[in-house]
Amino acid sequence: MYQRIYSAYSSLSKGDQAELKRCNLSKLANCPAYFRVLKFSGAKDTTQTQRILFLMTSIDISQESEAQPVALALLKAGVKESQIIQITRSGDNAIEYLKRQLVRCKQVQLESLGKLAQFWGENSRRQLLKEFILAEQD
């Protein structure tokens, strides 16, 4: 599913991609480029799809073998533990704050990012913090 959405996003014109990058999560659902992604990918119009696409824009996603899970990419980008804790406590704005931090990352794993966005909630934020702290100790 994540691969289809990412392929559909990549096949959009530069103008449509720029339009999606400028949208915040609440405005994404009314963006014509969002509906083009739905058409090309065959994905359903759900909040999960909106979150996945919202995080995919502006982020360096890699499908190579050296791609890193989200927590490790955040750690290598220099994100501090206090910033991750802020993401876990931010409530409704947490995903927007997460995107601001992810922009700093290089080679984020598509599968890891997709799962995080699809199942975004209290448990996934807790899991992100856990993975970040465990990656920090290695």
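Leaving aside its neighbours within four places in sequence, which residues is L110 in contact with? The list runs Y2, Q3, Y6, M56, I61, S62 and Q63, where contact means heavy atoms within 4.5 Å.

Some ground rules before going on. This is a predicted model, so local features need pLDDT of at least 70 and side-chain atom pairs count only at pLDDT 80 or more, while totals for chains, interfaces and linings use all residues. Residues are numbered from 1 along each chain as its sequence is written, and side-chain values use heavy atoms, with hydrogens and water left out.

**The overall fold**

The chain has ten helices and two strands. These are DSSP runs numbered from the N terminus, with H or I over at least four residues for helices and E over at least two for strands. Going along the sequence, you read α-α-α-α-α-β-α-α-α-β-α-α. The radius of gyration is 14 Å, close to the 14 Å from the globule rule for 138 residues, so the chain is as compact as a globular protein of that length. That radius is taken over C-alpha atoms, and the rule is 2.2 Å times the number of residues to the power 0.38. Along its principal axes, the C-alpha trace spans about 45 × 35 × 20 Å.

Of the 138 residues, 49% count as buried. Buried means under 20% relative accessible area, exposed means over 50%, and partly exposed is in between, with a 1.4 Å probe and protein chains only. The exposed surface comes to about 7,400 Å², and carbon and sulfur atoms supply 47% of it; areas come from the Shrake-Rupley method with a 1.4 Å probe, and for residues only the protein chains shown count as cover. As for how the chain folds back on itself, take the contacts with a separation of 6 or more: residues 24 or more positions apart account for 74% of them.

The buried ones are L110, S112, L113, G114, L116, A117 and Q118. L110 itself has 7% relative accessibility and therefore counts as buried.

A117 is found in helix 9 too, and it counts as buried at 1% relative accessibility. Setting aside neighbours within four places in sequence, A117 is in contact with R51, I52 and L55.

**Helix 1**

Over in helix 1 (residues 2–11) sits A8, which is buried at 3% relative accessibility. Beyond four places in sequence, A8 is in contact with V37, F40 and S41. S11 lies in helix 1 as well, but with 49% relative accessibility it counts as partly exposed.

| Pair | Apart in sequence | Apart in space |
|---|---|---|
| A8 and S41 | 33 residues | 5.5 Å |
| S11 and V37 | 26 residues | 8.8 Å |

**Two loop residues with positive phi**

S58 has phi near 75°, a positive value in a residue other than glycine. You'll find S58 in the loop between helix 5 (47–56) and strand 1 (61–62), and it is partly exposed at 32% relative accessibility. Q107 is not a glycine either, yet its phi is positive at about 50°. Its loop runs between helix 8 (94–102) and strand 2 (108–109), and at 30% relative accessibility Q107 counts as partly exposed.

**The largest pocket**

Rolling a probe the size of a water molecule over the atoms shows where empty space is left. On a 1 Å grid over the protein atoms alone, a pocket is an open set of points where a 1.4 Å probe fits, with protein on both sides within 12 Å along at least five of seven lines, and lining residues have an atom within 4 Å of a point. The largest pocket holds about 180 Å³ of space; grid points are joined across faces, edges and corners, and the volume is the space filled by probe spheres set on the points.

Which residues line the largest pocket? They are P69, V70, A71, E111, S112, K115, L116, F119, S124, Q127, L128 and E131. Helix 6 (70–76), helix 9 (110–118) and helix 10 (122–137) each supply at least two residues of this lining. The lining divides into six nonpolar, three polar and three charged residues. Here Ala, Val, Leu, Ile, Met, Phe, Trp, Tyr, Cys and Pro count as nonpolar, Asp, Glu, Lys and Arg as charged, and the others, Gly among them, as polar.
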